[in-house]
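Biologist: I have a model open and want to learn how to read it. Please take me through it feature by feature.

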Amino acid sequence: MAEIVSFRKEADRTDGLLLRSLRDGVLRLVLNDPPANVLSMALLEALMAELEKAEADLDVRVVIIASTGVVFSAGHDLKELTAHRVDEDQGAAFFEKSFRLCADLMLKIAHLPKPVIAEVDGLATAAGCQLVASCDLAICTDTSTFCTPGVNIGLFCSTPMVAVSRAAHRKQAMEMLLTGETIDASTAKDFGLVNRIVPKQYLAQVVSKYAAVIAGKSPLILKIGKEAFYRQLELPVEAAYDYAAKVMVDNMLTRDAQEGIGAFLGKRKPEWKGE
């Protein structure tokens, strides 16, 4: 039994801003800088490094991004940004580096060939809301709240806008961006920012169930499907159908498609090869 446990679970690491654990193909990354879990340069770099490792790790099938404390993430570290106003360029270089790294992280989530689920308990604001919107799925507690409040402090949430406007409906996204007001979990679901709302005590259980279901699929087919999903969104509808049809043909030629269809017709469980 000890050998089985050792194989199925990687030891948790709690030596920094980001906690990491791996069990049954599900990588769990926990923002660990309470009370606000701000997306400082250090935390952004840690998240990027973990996602880059996850991309190459065959043992990782699904990624969960969660947090400790009562705030999922308050977004960029305003104190860290403000400290660089004394730089010779008034902070321009650091601001550019910080916002670029944050954008690269959001793009990494979209381009990662493995699904990413946001597990949200608490406030997700500004770039923290952007992080939620960037994930493939988002499940939150019934007490979670969301906002893009930059307009309230003279800093329009332009980079969070990119992810939020692609997750929420256009007018709802503009409502959030123009008013800076906080919305509750139910409104966030209506807007399209989250998939499900669950009581706090069941959050981790529900997210883990979603992750386990997805982790049981062919990793190759998940990779094909996720890439195709985001690419077709940016195409005109005719071009999207042309592209999607080609993807379907290529998908049909994979061994996993042959195995999956054969298993379905033969009424048995498929054995994925990732080929």
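Biologist: How far apart are the mean positions of the positive and negative charges of the protein chain?

Modeller: Before the answer, some ground rules. This is a predicted model: local features need pLDDT of at least 70, side-chain atom pairs count only at pLDDT 80 or more, and totals for chains, interfaces and linings use all residues. Residues are numbered from 1 along each chain as its sequence is written, and side-chain values use heavy atoms, with hydrogens and water left out.

Modeller: Now the charges. Lys and Arg count as positive, Asp and Glu as negative; His and the chain ends are not counted. Each charge is placed at NZ of Lys, CZ of Arg, CG of Asp or CD of Glu. Here there are 31 positive and 36 negative charges, and their mean positions lie 7 Å apart.

Biologist: What does the secondary structure of the protein chain come to?

Modeller: Helices (H or I, at least four residues) and strands (E, at least two) are DSSP runs, numbered from the N terminus. This chain has twelve helices and eleven strands. Its radius of gyration, taken over C-alpha atoms, is 20 Å, close to the 19 Å of the globule rule for 275 residues, so the chain is as compact as a globular protein of that length. That rule is 2.2 Å times the number of residues to the power 0.38.

Biologist: What share of the residues counts as buried?

Modeller: Buried means under 20% relative accessible area, exposed over 50%, partly exposed in between (1.4 Å probe, protein chains only). Of the 275 residues, 42% are buried.

Biologist: How do I check a helix, and which residues of helix 2 are buried?

Modeller: Start with length. The expected span is 1.5 Å times one less than the number of residues. Helix 2 (residues 41-56) has 16 residues and should span 22 Å; its end C-alpha atoms are 23 Å apart, which agrees. Then look at facing. An α-helix has 3.6 residues a turn, so residues three or four places apart point the same way. The buried residues of helix 2 include Leu-44, Leu-47, Met-48 and Leu-51.

Biologist: Where is Pro-35 found, and what is the peptide bond from Pro-34 to Pro-35, cis or trans?

Modeller: Most residues other than glycine have a negative phi, and most peptide bonds are trans. The bond from Pro-34 to Pro-35 is cis, with omega near 10 degrees. Pro-35 sits in the loop between strand 3 (26-31) and helix 2. Asn-37 is in the loop between strand 3 and helix 2 as well. Its phi is positive, near 45 degrees. Asn-37 is buried, at 0% relative accessibility.
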